[in-house]
Amino acid sequence: MEPSIFNTLKRYFQAGGSPENVIQLLSENYTAVAQTVNLLAEWLIQTGVEPVQVQETVENHLKNLLIKHFDPRKADSIFTEEGELISDAGYQGEITSVSTACQQLEVFSRVLRTSLATILDGGEENLEKNLPEFAKMVCHGEHTYLFAQAMMSVLAQEEQGGSTVRRIAQEVQRFAQEKGHDASQITLALGTAASYPRACQALGAMLSKGALNPADITVLFKMFTSMDPPPVELIRVPAFLDLFMQSLFKPGTRINQDHKHKYIHILAYAASVVETWKKNKRVSINKDELKSTSKAVETVHNLCCNENKGASELVAELSTLYQCIRFPVVAMGVLKWVDWTVSEPRYFQLQTDHTPVHLALLDEISTCHQLLHPQVLQLLVKLFETEHSQLDVMEQLELKKTLLDRMVHLLSRGYVLPIVSYIRKCLEKLDTDISLIRYFVTEVLDVIAPPYTSDFVQLFLPILENDSIAGTIKTEGEHDPVTEFIAHCKSNFILVN
């Protein structure tokens with residue numbers, strides 16, 4: 001009943017206390033209220049009273065005592081002091097999920113600092129794990145959101161680590177948006193938009209409605225084609241750029257042809273223009289890539305959104321698509337377009353090629369753009385886990401093998417650990433056909449060679465040593481890659497179970 005008793009006793013003995021005194025002090029002072037209540041409850045049950053009735057009697061009596069002696073002010077002071085005490089003691093990390101931290105500015109600022117430091121130290125690979133709790137805390141209320149974003153906007157100006165803090169701030173904005181909060185005005189107020197009221201009004205209207213419109217786009221187009229355009233940072237708001245992806249690359253979306261060039265220009269401007277600033281003054285604007293980016297966006301938009309072009313027509317345009325995909329903004333648009341297209345329920349039912357052209361485009365995106373690797377894997381995992389009930393069993397297996405081929409290609413481009421980790425989870429969850437795991441292992445062994453990192457070995461070796469995999473992969477001739485890999489690992493690594 002007293003979890004800290006053993007630590008207290010240990011300290012007591014270390015200070016020279018005698019066991020006899022402990023026994024005497026405990027027997028004289030420990031009242032054991034809870035145990036006494038339990039004892040009385042057991043006696044009542046033994047006399048024939050129903051256990052449920054005994055439980056209700058105890059709970060009702062306890063509730064009456066709480067109501068009788070409850071002091072709201074004292075309770076508030078306890079929670080306030082406790083929050084500050086925890087924070088003062090350096091345990092800010094322990095109260096990141098407690099709403100009490102969000103009520104006291106001093107406590108919240110310390111917790112915010114600790115949480116932000118944890119995310120920054122954790123790097124990209126731990127962002128997915130650390131960010132949700134941080135975003136939840138920041139989005140507790142308008143006051144916490146404003147305070148946190150204001151602090152991050154200041155830190156984002158720093159040369160060292162500023163871009164990482166800006167990324168975290170943008171991820172928190174996305175989290176707030178997904179939870180149904182409209183934080184667009186705060187985003188604009190903390191940026192450079194306040195100095196450009198007309199642009200701020202146009203941006204705010206589109207962000208709040210979650211859709212672009214010709215009138216507001218025209219306002220921005222005039223400003224960004226003027227001799228002295230606003231800072232490009234103004235339109236580099238991820239939520240705003242997402243709206244362009246939907247307008248320019250989503251199948252079935254229609255744009256007024258008279259205004260289409262304006263949409264393309266603003267997206268290309270945000271993606272390609274480079275500005276140099278010194279002491280809050282812009283000293284140069286580099287628009288060297290603006291024209292070529294605009295042309296690539298327009299070309300791919302016309303190809304993707306042309307409903308008259310089928311898969312065979314797209315194959316004829318593959319070289320053009322591959323050229324345009326080298327532009328990062330176009331690659332992102334194509335990735336979104338592929339996602340929307342292949343997510344159609346009947347898409348794979350209508351395909352005759354072993355590797356549909358849309359999936360082949362993912363390979364090119366993986367080759368050209370390392371920063372898009374997580375999104376490519378996310379799409380492949382979604383398709384791999386989707387029930388394609390319109391296909392028969394063999395067709396489903398072949399489709400999943402095709403998706404695994406895309407994963408192996410992505411792995412060959414350097415995105416190794418997340419893919420192997422995912423396949424390992426599939427094996428452990430026992431929800432994936434074992435022949436697919438074997439297929440993946442065979443394909444991976446075919447493209448890898450020493451030296452291997454310790455992290456890779458710790459993830460991949462247990463897959464090979466699994467009873468369902470080991471000894472079941474047949475190879476031609478005497479060459480046995482599975483045995484060779486296991487032997488190499490055991491002779492070069494200290495393996496930890």
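## Model and overall fold

This is a predicted model, in which local features need pLDDT of at least 70 and side-chain atom pairs count only at pLDDT 80 or more, while totals for chains, interfaces and linings use all residues. Residues are numbered from 1 along each chain as its sequence is written, and side-chain values use heavy atoms, with hydrogens and water left out.

The secondary structure comes to 25 helices and two strands, taken as DSSP runs numbered from the N terminus (helices H or I, at least four residues; strands E, at least two). Of the 497 residues, 38% are buried, meaning under 20% relative accessible area with a 1.4 Å probe and protein chains only. Among contacts (heavy atoms within 4.5 Å) between residues at least 6 apart in sequence, 62% join residues at least 24 apart.

## Nonpolar cores

A nonpolar core is a set of buried Ala, Val, Leu, Ile, Met, Phe, Trp, Tyr and Cys residues joined through side-chain atoms within 4.5 Å. The largest one has 105 residues, and Phe240, Met407, Phe460 and Phe485 have the most contacts inside it. Leaving aside residues up to four places away in sequence, Met407 touches Leu377, Leu380, Val381, Phe384, Ile419, Tyr422 and Ile423. A second, separate core of 23 residues includes Val111, Leu116, Val138 and Ala148.

## Aromatic pairs

There are 11 aromatic pairs in the structure; rings of Phe, Tyr and Trp (its six-membered ring) pair if their centres lie within 6.5 Å, with planes under 30 degrees apart counted as stacked, over 60 as edge-to-face and the rest as tilted. The rings of Phe224 and Tyr269 have centres 5.1 Å apart and planes at 65°, so this pair is edge-to-face. Phe224 lies in helix α12 (residues 214-224) and Tyr269 in helix α14 (residues 260-272), 45 residues apart. Phe224 is buried at 1% relative accessibility, and Tyr269 is buried at 0%.

Phe460 and Phe485 also form an edge-to-face pair, with centres 5.3 Å apart and planes at 80°. This pair links helix α24 (residues 454-465) to helix α25 (residues 481-492), and both residues are buried. Ring pairs link Tyr452, Phe456, Phe460 and Phe485 into a cluster.

## Strand pair

Strands β1 (residues 274-278) and β2 (residues 281-286) run antiparallel and are joined by five bridges; pairing requires at least two DSSP bridges. Trp277 stands opposite Arg282 in β2. The hairpin has two residues between the strands, and Lys279 takes a positive phi near 55°.

Notes. Buried means under 20% relative accessible area, exposed over 50%, partly exposed in between (1.4 Å probe, protein chains only).
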